[in-house]
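This report goes through selected local features of one model, residue by residue and element by element. The sequence and the structure come first.

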Amino acid sequence: MSAEQVGPRRLRGRRREVVVLVAVVALIVVLVLVGLGVGSIPLTPAQVVGALVGQGDRISDFVIGQLRGPRVLGAVLVGASLGVAGAIVQSVVRNPIASPDVIGISSGASAAGLTAIVLFGASGGILFSVVLVGAVVVSLVIAGLAWRRGITGNRVVLVGIGVAAICLSITGWMLTSGTVTQAGTALLWLSGSLNAVDRNLVGVLGVAFVVLMVLALVQSPRLTVLSLGDEVASALGLRPNRAKVLLLLTAVCLTAAAVATAGPVSFVALMAAPIARRLVGGGRVALGPAAAVGAAITLGSDLVAQFAIPGNALPVGVVTGVVGAPYLLWLLARGR
């Protein structure tokens, strides 16, 4: 392809990415209005908008500010964080099933968080810190075991599955070691739930997401170069292994922040990036659309979880698991 053709093609790709991003954000706005308006105390769109702009009545202010607002915002941030994390991991490892919940990062974060809950009754900021440390430690273990003159896709996936099995064993041990009350709380958290999301953790997640998203966007050109292969990346002046480590560390922190807030919401990281890439086309990394798609998936799944069975609000992770597990099987069936 000539230089005269490359420029217009890139411009078209960027325009399509912007169009896709705007369309998915519009869908998110609709889902947010629905999520804030429906429930045991229904609110009209006018009441929802009025409360959001500071001109609502006492009832709508209380319902949105105290009850539904943290849940909806948590769903958006958790989904966006997992979407970006999945996009980074899949691009670095160059494997469509290499998402944080498949290769063991989410399992490691969950095992660390559950251990802190059962043994020390941790919550809030302490739980957030423990989950972050657990995710980083597990990712270092996976990287160390998979390292063979660099990070390669198949080794990371296989080692990650093995490490995830170990973490699941620790999780089972903690569940049997705790009291009935602790086990009930832990099981709800392990299912990936927004039913009783901590408002303070949602605030921490918001700050973490903004910082980590900026870091991810700054590093996104490296993802494009790495997609050409390590040899080409080295020829272009990039140090592939160093770039991969920094990118994966960003993804690990995004995953840990999401898990600490809502537990391991399964398969969002696996689905969001491939959907975003198909919408954008051209093989673009598309971190922005991946974040938006992840937020839309989590928001939509949470609405289904709340109202699919009247009077029984399910954890959002149950719905994403029902959708994501067949998708994973389909990937495995069609892969080589």
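## L331 and its contacts

Leaving aside neighbours within four places in sequence, L331 is in contact with P96, I97 and L270. In this predicted model, L331 belongs to helix α13, which covers residues 316–334. The relative accessibility of L331 is 9%. L331 counts as buried because that value is under the 20% cut-off.

A separation across the chain can also be given for this residue. L331 and S139 are 192 residues apart along the chain, and 23 Å separates their C-alpha atoms.

## Q219 in helix α8

Helix α8 runs over residues 199–226 and includes Q219. Is Q219 buried or exposed? At 8% relative accessibility, Q219 is classed as buried. When residues up to four places away in sequence are not counted, Q219 touches L246, L247 and T250.

Helix α2 spans residues 45–52, and its buried residues are V48, G50 and A51. Viewed down the axis of α2, these buried residues fall within an arc of 165 degrees, so they line one face of the helix. Which exposed residues sit on the face turned away from the buried side of α2? That face carries P45, A46 and L52.

Just after α2 comes G54, with a positive phi of about 85 degrees.

Most residues other than glycine have a negative phi. Two residues are described here against that background.

R94 is not a glycine, yet its phi is positive, at about 60 degrees. R94 is placed in the loop between α3 (58–93) and α4 (105–120). With a relative accessibility of 54%, R94 counts as exposed, the cut-off for that class being over 50%.

F267, also not a glycine, has a positive phi of about 70 degrees. The loop that holds F267 lies between α10 (240–262) and α11 (268–280). F267 has a relative accessible area of 15% and is buried, whereas R94 is exposed.

## Cysteines

How many disulfides does the structure hold? The count is zero. C167 is in no disulfide, and the nearest cysteine sulfur to its own, that of C253, is 17 Å away. C253 likewise takes part in no disulfide, its nearest cysteine sulfur being that of C167 at 17 Å. C167 is buried, with 6% relative accessible area.

Rolling a probe the size of a water molecule over the atoms shows where empty space is left. In this model the count comes to one cavity of 30 Å³ or more. About 40 Å³ of space lies in the largest cavity.

Which residues line the largest cavity? The lining is made up of L82, P100, D101, S106, V259, P264, V265 and A269. By class, the lining residues divide into six nonpolar, one polar and one charged. Asp counts as charged, so D101 is the charged member of the lining.

Notes: Residues numbered from 1 in each chain as written. Predicted model: local features only at pLDDT ≥ 70, side-chain atom pairs only at ≥ 80, totals over all residues. Heavy atoms only, no water. 1 Å grid on protein atoms, 1.4 Å probe; cavity = no way out; pocket = protein on both sides within 12 Å on 5 of 7 lines; lining within 4 Å. Points joined across faces, edges and corners; volume = space filled by probe spheres on them. Disulfide = S-S within 2.5 Å. Buried < 20%, exposed > 50% of the residue type's maximum accessible area, 1.4 Å probe, protein only. Helix = DSSP H or I, 4+ residues; strand = E, 2+ residues; numbered from the N terminus. Arc of directions from axis to C-beta. Contact = heavy atoms within 4.5 Å.
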